[in-house]
Amino acid sequence: MARNNDETQKFIRIIWQDHKDYWKTKAGELKKYKNAYESKFWREQQYDESMIRIETSDCYNYVESFISSLFSKSPSVVIGPDLAATGGDPKLAQAAANRFLYNQREQLEIASRLALIYQYSALKLSPVPSDEMLDKVTIRAIPCWEVMLDRDATGAEDQRFIGHTYYLNMVEAKRKFGQKKFVAVPKENYFDEGGGPVSYTKQDYTDLPDDYLYIEIVELYDLLNDEVYYWSPSYKNGDGIILKSEIPVRTYNDNPMSPIVPLFYSRSPSKPMEGL
């Protein structure tokens, strides 16, 4: 059942705030994983000065060995004839798919590295301007603290919603959303700030160019109602939706499909949409 604007704003706020609160509690744990991977485990630990501290690069070695084994060759697929005999050229489809995967290898590696170090990651499909037909779409790796998952779902295909929260500079925001009035905020670093919400009070950033002024964007895909919402606490103090439309990515039978795909290497048995 479609929601009106008030219901939609409340729906987005609840999901966004729950996401912020959840990852704020996880920030300390994830920072330890980050420090272990970077061989900086003792940097923020309390210890007796008389202790002999020993640190090895086991975490880094494990992760990078895993990455090396996964990407010893470029990712590729083999495509055969359609069992339903609907036509098409499998050789052409295979060549196009493998060209795309070859060009996206770096982002695939980044997503795998993030998923191994932290709870999970995600890959996001996005359009990009290009004169080449095969280069009009790209993927981007997203860390887990930017991905809003339906953590009550039993799997990715059962999610009621999925979203991405990120910072957009004012130049890109105006290009994407037009000349709307936004209140600029400092760009938050998840590990420095602990993943907590920013205080959205109007501040004086007039001395900075638009390239260095940011707004936080929530891009939420409502899979039950086939709508994508763009919302920001920097727009109308969070009381307005910047943009909403039908979800543009579709399945072969025209059902809505999320362009964001979570990547897990381990999961909580009781909560499949939470990584370990």
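This is a short tour of one structure, stop by stop, with something to select at each. The model is predicted.

**Stop 1: helix 5**

Select residues 170-177, which make up helix 5. Colour M170, A173 and F177: these residues are buried. Now look down the helix axis.

What do the buried residues of helix 5 pack against? Show strand 4 (161-169), strand 5 (214-222), strand 6 (227-231) and strand 7 (241-246); these are their partners.

Next, go to the start of helix 5 and select N169 and V171. A side-chain oxygen of N169 comes to within 3.1 Å of the backbone nitrogen of V171. Then move to the other end. G178 follows helix 5, and its phi is positive, near 85 degrees.

**Stop 2: the loop at S130**

Select S130. This residue sits in the loop between strand 1 (121-127) and strand 2 (137-143). S130 touches both, leaving aside residues up to four places away in sequence.

**Stop 3: aromatic pairs**

How many aromatic pairs does a search of the whole structure find? The count is 15.

Start with W16 and W231. Their ring centres are 5.3 Å apart and their planes meet at 65 degrees, so the pair is edge-to-face. The pair links distant parts of the chain: W16 belongs to helix 1 (residues 5-37), W231 to strand 6, and 215 residues separate them. Are these two tryptophans buried or exposed? Buried means under 20% relative accessible area. W16 is at 5% relative accessibility, so W16 counts as buried. W231 is at 0%, so W231 is buried too.

Now select Y120 and F264. This aromatic pair is tilted, with 4.9 Å from centre to centre and 35 degrees between the planes. The pair also links distant parts of the chain, 144 residues apart. Y120 lies in the loop between helix 4 (105-117) and strand 1, while F264 lies in the segment after strand 8 (260-263). Both Y120 and F264 are buried.

Ring pairs join Y22, W23, Y120 and F264 into a cluster.

**Stop 4: charges over rings**

R151 lies over the face of Y22, 3.9 Å from the ring centre. Finish at K34 and F191. Here K34 lies over the face of F191, at 5.6 Å from the ring centre.

Terms used:
Residues numbered from 1 in each chain as written. Predicted model: local features only at pLDDT ≥ 70, side-chain atom pairs only at ≥ 80, totals over all residues. Heavy atoms only, no water. Buried < 20%, exposed > 50% of the residue type's maximum accessible area, 1.4 Å probe, protein only. Helix = DSSP H or I, 4+ residues; strand = E, 2+ residues; numbered from the N terminus. Contact = heavy atoms within 4.5 Å. Polar contact = N/O pair within 3.5 Å; in protein donor to acceptor, adjacent residues only side chain to side chain. Phe/Tyr/Trp six-rings, centres within 6.5 Å; stacked < 30°, edge-to-face > 60°. Lys NZ or Arg CZ within 6 Å of the ring centre and 35° of its normal.
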